[in-house]
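Have the structure open as you read.

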Amino acid sequence: MALTETDNGSSGGDGGESDIIVKTCVLGGFSESDETRALISSLPEVQGDMVSTESVTQRFLVIMNRYQEQPHLLDPHLDWMFNMILETIRNEKSPPSLVHLSFKFLYIICKVRGYKIFMQLFPHEVADVQPVLDLLSRQDPKDTETWETRYMLLLWLSMTCLIPFDLSRLDGHLESDGGKSREPIMDRILAIAKSYLVVSDCSRDAASVLVSKFMTRPDVKQKRLGDFLDWSLMTITQTNDQSMTDIMVLDGALQSLVTHKHTDHVEVCAPTVLQCLEKKHLSDSSQAMLRKLGVKLIQRLGLTFLKPRLAAWRYQRGSRSLAANLSMSQTTAVTAAVSPDVETREQEEDYDIPEEVETVIEHLLVGLKDKETIVRWSAAKGIGRVTGRLPKELADEVVGSVLDCFSFQETDNAWHGGCLALAELGRRGLLLPSRLTDVVPLIIKSLTYEEKRGACSVGSNVRDAACYVCWSFARAYEPKELQPFVSQIASALLITAVFDRNVNCRRAASVSSPVNGTFPHGIDILTTADYYAVGNLSNSGFALFFLLPRLLPMAVGMDLLGRHGAILACAEITHALYKLDATDELVTLVYKENASRCYCTFLNVVVLSRGFGGELMRPAVCGLIEKLSLSKLPFKNDPVITGWQWLIDDTIKTLHLVSSGTAVVSALSALCEEYYQIQPGQADPQMQGELNISLWLNSPQMLTRCGSALALGSLPRFVIHSKMKQILEGLQQMCTVSQKEGSFPEARRDAVRAIAQVCVTAGVDTHGSPDSVLCSENVSEVYGTLLDSMNDYTTDSRGDVVVVFMSTLPDLCCSECRVKCMMCCLVQQAAEKIDRYRAHAGNIFLRLLHSTEPAVPHIPHREELLSIFPPETTASLNWNAPSQAFQYITQLLGLTQYQYHTLLGLTVSVGGITESTVHFSSQSLFDHLKGIQHNSVALTQFGDTLLSIFRDNLRNDRVAIPFLKMLNQMLANSCFEIFTTQENHQFCVDLLTLCKEIKKSKDISKLRACISVFCGLIQFQGNVRKKVLSQLLMLLCHSFPVIRKTTASQMYEMVLTYDDVIDPEVLDDAMTILSDTNWEDDIPTVRTHRNQLADLLQVPRPQVIAKVTTEPTEVFL
């Protein structure tokens, strides 16, 4: 294999950027012939071994795929590869699996080289017809493993159909030995073609090729063409595009008509076919392939209505022969549009155009507006082909209809289809130079086309197609025809090549420029902004100097979208020039004389932009303020700074009207850093006094609170100095949940982030002032706020704020209580169900545990933790993976100080709904319980912790429901088996008492979980079992029918599981009541059956007691 390397360098400007080196590899030949020969030869040996077969096939596939872009390199080797494989296929001793494998190799070669070239290698003598037909007849069309065999056999059969003999000569005597008549070969081939036209695999495409070859035979055309067309039309009429089966059938029928190239008989049937397609309304189908085939078939029908001729009126440039062009001089080579002579005009006048052509063109114009590119492209080619056979006047009407696609009332699909059609018309010489005055302005608009849709925009395909139009025009017209328009086209293409954000559009524009002598400096520009150079956006800096003066007037214009784009461009260009050290006199003049005036005007623009305009403009102008500040423009002590600060304050105050507060926060930080310092590290008192951000921390608008908090967090250190106490108080108050003001969870989240940022920015000084730094006087309040926020489950306020303090404040966090509280909170978060929070908390926990500079003091159970989490786990443990995290976390259940918080975090994981989290967390928890199952002391301590969590979160549904689910799993796995041997064990008594409180809830999910726990508690001995049964009996008459039904179902399973609950003599009666009673009936009816069950269980019947203030309630007396 030969490789060639091409280096293309492009300088990035004066910034000293290194050249871009583009290496392309071109294959010089088929270098794997020996290996390929060995692979094909090994097919008989490997065909029985699935692993070896797959290995050989994959290797052969890799070799062939290398030549996808240069398939012609395979041509010298196709014969021997084909003959080797065909020899295996023709060998009568080859098993079916080997034959299928050989055909699979043939398909791989065919896919790379293309079926049109490859199928010519098939032998197509008379002796081949019958064997191929017999082999194809034995195939199973529904076998998904052998579709390559059927595909290749159909291609082979399509070649054998070309034998120059009447097929009836091959039939011989149609009577078989058994006296039954055999089917003629012609009918057999047609039946096979029809059967494979309606399959769902690639064999359908090969069947369409077979039809196109088979139906061109004179004998077949005479005897079977009419019947086949009738079958195709009937199939199209009877199918729809609502089921996949009908879609495949319809696809095959359309392909059979599309690939039909013989027009003698079709010309007669064309109106009927067109009428059938009109009734089918394929343009409304949801399947893009059906719409494409419909457009393709309609254009083929249109060509049958028109005489096959070359339009004499078309624009001609030179000759079709390269030798003739080279032999002619420059003067004789120039050929203008040829005017039709008298004879041609008379021929056109005598040539009547059928009415169906208008219908065909109408369908093609509709296809230009289709939502799929493949349909639009097919329609565009159809427009070009049909227009080439029309008279000049009618062709001009078609061009006018295509130009109607370029209306701003049309979608981007219509613009794209219109560009493709114009390119086809221009390439074929059907767009006369007289039309260029109408076409070129539309193409210029298409080069900048963009349509906003929600948060994104569309139009890149339109710009790319417009570049294709320019490419076709540059090669279709003489330079003198394009001379009046070349300046406009060249400018638009250059702007697209340099500034379009889509790399495909930039590259398309770079190769579409008309460099035929009319493009000013065309060669120089194209060698600088070539195909590879424009692929890198950083290479567009050379044009920044010329754009800024032109953008400034647009930034204060009346067009909202233009104003928005110009402001964004000014911001980026200004910062880019700063990065390029552009400090020459010209740039300084632009900054001071032009920019200062326009930047002040921006403020007035924003004030006037309310509603949608304000939402769009405010972030843009804030971005401009940020970039100008970062560019260190000389505006210090300029009145414009006051205006900028007013804009930032007003934007924060009305942040609920703006989609995002990121821009205003970044603008404030950059503005303060550059313009609010008298000298480095010292704030300007006047400017510092103008910052009123803390006044909006209590705003009724949540987004305003969020923006205010983030803005405070972004302030530089010199601004925070002497204001830190006021800032922290406001942020701490904002972190408090207030029922009066609402939850504002996002605001509390941003307040926590701001507290962390402010403290880190201000720095640490143990004996410093609480109004300037984080010190011993205010650190307790800060930690209290952060730790309280870790228990705030209405917000995502948890973050890596704790590690910031612990790694920077060793002298301020020595309190043992504070460290314990913090580590326990981290353990709880590391045991919970949300992966990213678990990973965040777990990583922080390990960083604090293994921190040495400085070491965190007073960590409970440090030695045990280090044995569980050795130093290497910091890098190796993936906290995001439940399979890894929970096997470490559950080991903390054995540490007294961490048991409560670890079990609290595990509760929401084990009782959650995510399958992987529930599986691995419960598995790790049960492994721990299995280890202490026979240790009564450890299990009692675990049970006490479990009860404490239940008691503390009895009315907290976030914990109570998962807790009941987890407890149900524990009881089902007999985790408390040693407790069940003791009568009335205190754990069961306390648990039953707490579950009684849950029973009063109106939450169905909580009640269902409680029912499962009651049924699990039945395994405990003593009076507690009677009490559990009593609770279940009361639930059988619950006011919610679904609870009554669930209780009966759970009790049925309970009785089957625990056979000592009920006397065996009445077991069948009890189970019959539970299973046959309709527990969704009214309560009086249900109560009768419930009481019968209570008698069987030897449990007192619940009695109804009417309370004064509430509805009647059942209790046990």
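## Two loop residues with positive phi

Let's start in the loop between helix 51 (977-980) and helix 52, which is where Asn984 sits. Keep in mind that this is a predicted model. Asn984 isn't a glycine, yet its phi is positive, at about 50 degrees. With 32% relative accessibility, Asn984 counts as partly exposed.

His861 is another non-glycine residue with a positive phi, this one near 55 degrees. You'll find His861 in the loop between helix 43 (835-849) and helix 44 (862-868). Its relative accessible area is 23%, so His861 is partly exposed too.

## The overall picture

Stepping back, the protein has 57 helices and six strands. It runs to 1117 residues, 50% of which count as buried. Take the contacts in the protein with a separation of 6 or more: residues 24 or more positions apart account for 70% of them.

Which residues have the most contacts inside the largest nonpolar core? They are Met64, Met152 and Phe214, in a core of 153 residues. Helix 5 (residues 96-113) supplies the largest share of this core, with eleven residues. Apart from it lies another core, this one of 101 residues, including Leu946, Leu967, Leu994 and Phe1020.

Setting aside residues up to four places away in sequence, Phe214 touches Cys161, Leu167, Met186, Ile189, Leu190 and Val220.

Leu994, one of the residues in the 101-residue core, belongs to helix 52 (residues 986-998). Its relative accessible area is 9%, so Leu994 is buried. Beyond its neighbours within four places in sequence, Leu994 is in contact with Leu947, Phe950, Arg951 and Leu954. Leu994 and Leu954 are 40 residues apart in sequence, but their C-alpha atoms are 7.7 Å apart in space.

Is Gln899 buried or exposed? At 5% relative accessibility, Gln899 counts as buried. Gln899 is part of helix 47 (residues 896-910), and its contacts beyond the neighbours within four places in sequence are Leu892, Leu893, Gln941, Phe942 and Thr945.

## Helices 15 and 20 side by side

Now for a helix pair. The axes of helix 15 (residues 288-305) and helix 20 come within 9 Å and cross at roughly 5 degrees. That angle is under 35 degrees, so helix 15 is roughly parallel to helix 20. On the helix 15 side, the contact is made by Ala288, Arg291, Lys292, Val295, Lys296, Gln299 and Leu303. Helix 20 brings Ile374, Val375, Ser378, Ala379, Lys381, Gly382, Arg385 and Val386.

Gln287 is in the loop between helix 14 (266-280) and helix 15. At 27% relative accessibility, Gln287 counts as partly exposed. Its C-alpha atom is separated by 9.6 Å from that of Gln242, 45 residues apart along the chain.

Thr387 lies in helix 20 and is buried, with a relative accessible area of 1%. Leaving out its neighbours within four places in sequence, Thr387 is in contact with Trp313, Ala395, Val398, Leu425 and Leu430. Two of those names come back in helix 21, where Ala395, Val398, Val399, Gly400, Val402 and Leu403 are buried.

What do the buried residues of helix 21 pack against? Their partners are helix 19 (356-367), helix 20 (373-387), helix 22 (412-427) and helix 23 (436-447). The length of helix 21 (residues 392-403) checks out as well: at 1.5 Å a residue, its twelve residues should span 16 Å, and the end C-alpha atoms are 17 Å apart, which agrees.

## Cysteines without a bond

How many disulfides are there? The count comes to zero.

Cys1010 counts as buried, at 1% relative accessibility. Cys1037 is buried as well, at 9% relative accessibility.

How values were computed. Residues numbered from 1 in each chain as written. Predicted model: local features only at pLDDT ≥ 70, side-chain atom pairs only at ≥ 80, totals over all residues. Heavy atoms only, no water. Core = buried A, V, L, I, M, F, W, Y, C linked by side-chain atoms within 4.5 Å. Buried < 20%, exposed > 50% of the residue type's maximum accessible area, 1.4 Å probe, protein only. Helix = DSSP H or I, 4+ residues; strand = E, 2+ residues; numbered from the N terminus. Contact = heavy atoms within 4.5 Å. Disulfide = S-S within 2.5 Å. Expected span 1.5 Å × (residues − 1). Axes fitted to C-alpha atoms, helices over the stretch in contact; angles between N-to-C directions. Parallel < 35°, antiparallel > 145°, perpendicular 65-115°, else oblique.
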